[in-house]
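I opened this structure to look up how its chains meet. These are my notes, in the order I made them.

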There are 4 protein chains.
Amino acid sequence: MYSFKNDYSEGAHPDILKALCACSGEQNAAYGKDKHSAAAADMIRGLCQSPKSGVAFIGGGTPTNVLALSALLRNPYEAVVCADSGHINVHETGAIEYSGHKVIEAPVSPEGKLSPEDVAGVLRRHETEHMVVPKLVYISQTTETGTLYSKAELSALSAFCRENGLYLYVDGARLGSALMAEENDVTLADLAALTDAFCIGGTKNGLLMGEALVMQNAEMQDHLRWLIKQKGFMLAKGFVVGIQFEEALRDGLYFDMARHANAAAAKIAEAVAQSGFEFYSKPQSNQLFVILPPEIAAEAHEKYCCNIDRTLPDGRTVIRIVTSWATTDEAVEDFSAWMIKQLCFGLVKSIIEA
Amino acid sequence: MYSFKNDYSEGAHPDILKALCACSGEQNAAYGKDKHSAAAADMIRGLCQSPKSGVAFIGGGTPTNVLALSALLRNPYEAVVCADSGHINVHETGAIEYSGHKVIEAPVSPEGKLSPEDVAGVLRRHETEHMVVPKLVYISQTTETGTLYSKAELSALSAFCRENGLYLYVDGARLGSALMAEENDVTLADLAALTDAFCIGGTKNGLLMGEALVMQNAEMQDHLRWLIKQKGFMLAKGFVVGIQFEEALRDGLYFDMARHANAAAAKIAEAVAQSGFEFYSKPQSNQLFVILPPEIAAEAHEKYCCNIDRTLPDGRTVIRIVTSWATTDEAVEDFSAWMIKQLCFGLVKSIIEA
Amino acid sequence: MYSFKNDYSEGAHPDILKALCACSGEQNAAYGKDKHSAAAADMIRGLCQSPKSGVAFIGGGTPTNVLALSALLRNPYEAVVCADSGHINVHETGAIEYSGHKVIEAPVSPEGKLSPEDVAGVLRRHETEHMVVPKLVYISQTTETGTLYSKAELSALSAFCRENGLYLYVDGARLGSALMAEENDVTLADLAALTDAFCIGGTKNGLLMGEALVMQNAEMQDHLRWLIKQKGFMLAKGFVVGIQFEEALRDGLYFDMARHANAAAAKIAEAVAQSGFEFYSKPQSNQLFVILPPEIAAEAHEKYCCNIDRTLPDGRTVIRIVTSWATTDEAVEDFSAWMIKQLCFGLVKSIIEA
Amino acid sequence: MYSFKNDYSEGAHPDILKALCACSGEQNAAYGKDKHSAAAADMIRGLCQSPKSGVAFIGGGTPTNVLALSALLRNPYEAVVCADSGHINVHETGAIEYSGHKVIEAPVSPEGKLSPEDVAGVLRRHETEHMVVPKLVYISQTTETGTLYSKAELSALSAFCRENGLYLYVDGARLGSALMAEENDVTLADLAALTDAFCIGGTKNGLLMGEALVMQNAEMQDHLRWLIKQKGFMLAKGFVVGIQFEEALRDGLYFDMARHANAAAAKIAEAVAQSGFEFYSKPQSNQLFVILPPEIAAEAHEKYCCNIDRTLPDGRTVIRIVTSWATTDEAVEDFSAWMIKQLCFGLVKSIIEA
């Protein structure tokens, strides 16, 4: 049975692998100083309309976040502000704290989005040398619950950060899905214009591994390679990531793969809606959060490997469904049919009980 | 012109790539909990005759060293002892110190090998709470200058460590070349029997990336996955490394590749010997360190990308020549011919001058 | 005008200074290995009825907390659980995070007390290697809002910790005031029996500086002096703290001073009650948290240096009043009179307005 | 018997204690924001003829070094260069490495002094992102072996640092003794002019505790109080150190105490010279390093607590003799007489043996 557990169960898109094989006999400069990485970085600067941005290719999402935050926060008493559900706050095993910085969590709604007011509240509580200095705002696009910041929301947060001397970093582990979302109005150029840095995730969108860290802030790029090496994030064969991004971006494959994932999720979302179940957060990208009775959630977990996200106070269960570039039409149809069947069973059951 | 700069200029052996492509459509468990990683770990345990060893696949050499040392040294006042030329002391941008531990360097000969006496000297100087506690001995096989620890040397060091409550870790970034070296008498089973942990390098021996950390010490395996994640070293698609090791080890490809690299180096070493130049350290593996007049060294650097390793007090230059699984016979012959030509030029020059 | 800002505005009790002067000509062993520190440690073990406890004298509160947590949490992925108002969470500038550990905050009531249920909730949310491992519970006695854990509460928390493999540490920066509080039923012997470690604060109770860290957990004492030194917390003249604790504990001066501070606070609390103002948290120790109209709070801040603690949603202000061993009767009477006067003014004002 | 083990065996000079007692009833601002600390800082700026220097009072030597280096080195890949005998390299239990920075040791002579050439050698070996960035030079005045940098030596090192973008920090744990040494030609004003920061040690010169960190570098002072607090070095009663420095500096007591210690050492050095024993390093300050036959060294250790510093290759032993502000004339005469007696014994022994 197909697993909807995550978007990194499969290897890489065949075209990506083909590109890797094609270049494999070449001798390339080591440590990311190769021509493929250079070409991919140029493509990204072009897409971002940001010719001065620095681009570094890193092997995974957590190291990319750690690197970006370490490069921006040069002093250990400087802290990060994020939503309480933020990936760095919950799901990176304290990697940011291990690098010395406090993560200040702001309580947010199921949509998982941080507002200027949330950050302002944090600033008000941090005034003296007995407290850390909030210095960077971390958000994800898409968020941990699959939702999207609109351009208006992102612009407001960016303006607030600039007025208050805060850096803004966007974790784009699933940026492909965000950019291709139907309701999205944020472009790569907007991200470059509004942030100090953001990343473009490859691991969750059809690459074997790799994220592109895109940096507009000039200071964070000073001695960046020393930081990358010291933290153990420098790949000897950096070209392995460079080649994949080059291939993914050259003819739009990166965006096609994200569009495919979104389309699959949209079909499933339709089935959810038909079956009468509620969404925990708005279905906008390749991650769906659906509220189910516990026994149906358990079956979704068992049959389709859906993650159990949380139990609500009323006893209902939230499951997470994730689609990817590799999700087949059959898998979508099968899952959708199963979902609709749950409604039928429910109806029958209630009729019998009545 | 072919570059002898290092053994990680090319991608991966075609068979490795083929295996990656073959598995790419599968859905695999994430974060290294997949069947390929499990199979490769089993093969390693078998080769090591060490059924209880733990095996973790990591993306690169520096993260593997950092992880191993962090897992063994649970307290920041515990320090590592290594040769002054040790990779962790010189070429990892202070990654060990960044994790909080002091690296104590012991001055060693050009052979780059640490003896029990070297370590004993360090222990004598560290007695009170005003000094760090030497707790782990780090060596490399092959060493930074391409030499080999014999089984007798390794056994003596291991015995000394055990008598003195020290851990022993062997950095095997180039372990393939060591194991296949003509003069080698150390087996994988010996390494498992004599060390707390060691690694089997893939990046420098034909894989796209990846090292296998092999752990005999039971305590270091407690919560190892938490350490891996917190340091940013956990690959979402861990199976990408697992598949490569599975393929490399199944039919001996790993060893064939190392044998090929050694054979190429041996041919070049022969040419060096014929041309009358001296070796800085004994030529035993796929790294050669040759002493040349500065102008010839400069040409080797320019034409063949050989690293300039150091300048000797007498003004002569040491260059490093590295071969790999991918080094072609033509490249070896071309370089050997150039090397022998240097002798001829030298002879002619001295005749003319005389 | 007398300041009620904190309990560390004055130097030390005259008897403490006399003891320091009396011993000043002696030659004492350095780094805390002196006879005074040994004698004071023995007194503490006696008071705690815990002959095997280790005792270390440290120069201040934050270093004592950092040391205790570092000695108990040997792995950086292990985290501390505390009340959101916890001193380590808010007022130590991220010192715990700087040492690599995440601080997990649990939201609690104005009483600032953590319950087994609060901790259980945290445990439920931390299951895999993608999350830190909650491993230590940190509480303060008295709490940040001046309240007391009862013996029943402390016992329940201790039992929960032991059942769940968690360490329990009690920050006793104001332990003197807690022990001497009228409603207190927790003894030093109880603390020793129920915790892995706790500290007895001197800085806030009549000493020039110094805290005694009392450790029942045997493992945390291994190589403790190395930790103390590495963190920069080892005093060359450790006997300066040892002499003070020896003097404070010999004839009960430590407890007399705390009793004095509590009595002063109790008198002020009475005046507060008479004046009709509410307490933010229960008045139990030498810290009072009183809810005042903003303009009266401002006057308390200006005239008596009372800290403005927070603004409530309804616009009223919480001030903190702190008494100490050095607070004079005149200061208490003056402040009490002022407080009662506020009621009169309020009454007159409301009569006029009516 | 009097101990010559170190210069921190006694408490504090009676005048220092008198000042502490005199101020003890006052209410002072906490955390070093008091009038005494302000006055002492002004005195230091005056003595240094450096009205813009920042001054921070810290509780001990290791925290002062850690603070200074952390404030100057904002990035963990930046490293410190020091003599192999440097206090931070040997005797601070890896405190600098714990803060993330590598300490690069340069081998130096028994005089323990670092030259521009030593540093230049380090710079030459650190070129790429695979190595740390040498960024700060650490020296001690007096050195670990009691010797002095002359003004010419200090100026040369300072000039070299400025030309090469390196910070210069002078650890003045024994700066009093250095300033009052007969051969000294370096003033406080010179130190201020030539360094980024240096410290004036109090603990080893008659104070209960405390060092003054004097900072010329403006950037290191940004958010310094946050650093101090986060590292656990902020004293609640900072005025305790401020009062002591105020008293020590007001009428020259600080310098008188150092002069006393130097005079005592000079008398002992004379006796050493008379007895015919050699010095390991030049006797210039309150620390003497004398080469003795092992049995005489053992007696010096037993009777006078002299530290055994090291054993020379020829089997002779180096002992350390330390005098202080508190060393009595009787103790000096007694020790000198013992020293001279060793010569007599030696003579008699050799006559008998002949």
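I count a contact when heavy atoms lie within 4.5 Å. The model is predicted, so I keep in mind that local features need pLDDT of at least 70, that side-chain atom pairs count only at pLDDT 80 or more, and that totals for chains, interfaces and linings use all residues. Residues are numbered from 1 along each chain as its sequence is written, chains are lettered from A and ligands numbered from 1 in the order in which they are written, and side-chain values use heavy atoms, with hydrogens and water left out.

**Entry: chain A and chain D**

I looked up the contact first. Chain A gives 22 residues to it, and chain D gives 22 residues. For area I use buried area, the accessible area (1.4 Å probe) that two parts lose on being put together, summed over both. Chains A and D bury about 1,900 Å² between them, with 55% of it on carbon and sulfur atoms. Of the area that chain A buries here, 40% comes from A:Tyr77, A:Glu129 and A:Trp226, more than from any other three residues.

Next I looked for salt bridges (a side-chain nitrogen of Lys or Arg within 4 Å of a carboxyl oxygen of Asp or Glu). The rule finds four across this interface. I found A:Glu129 paired with D:Arg225 in a salt bridge, at 2.5 Å from N to O. Helix H10 (residues 224-230) of chain A supplies five residues, the largest share of the side of chain A that touches chain D. Helices here are DSSP runs of H or I with at least four residues, strands are runs of E with at least two, and both are numbered from the N terminus.

I then superposed the copies by least squares on the C-alpha atoms of residues with pLDDT of at least 70 in both.

**Entry: chain A and chain B**

How many residues of chain A are in contact with chain B? I noted 45 from chain A, in contact with 45 of chain B. The two chains bury about 3,800 Å² between them, 57% of it on carbon and sulfur atoms. A:Gln27, A:Tyr98 and A:Lys237 supply 20% of what chain A buries against chain B, more than any other three residues. The salt bridge count between these chains is zero.

Chain A can be laid on chain B by a turn of 180 degrees and a shift of 0.0 Å along the axis, with an RMSD of 0.0 Å. The two copies are therefore related as by a two-fold rotation axis.

**Entry: B:Ser24**

B:Ser24 is in the loop between helix H1 (14-23) and helix H2 (35-47) of chain B. Is it buried or exposed? Buried means under 20% relative accessible area, exposed over 50%, and partly exposed in between (1.4 Å probe, protein chains only). B:Ser24 has 6% relative accessibility, so it counts as buried. Leaving out residues up to four places away in sequence, B:Ser24 touches A:Glu10, A:Gly11, A:Ala12 and A:Leu17. Its side chain reaches the backbone oxygen of A:Ala12 at 2.9 Å.

Terms used: A polar contact is a pair of N or O atoms within 3.5 Å; within protein, one must be able to donate a hydrogen and the other to accept it, and residues adjacent in sequence count only if both atoms are side-chain atoms.
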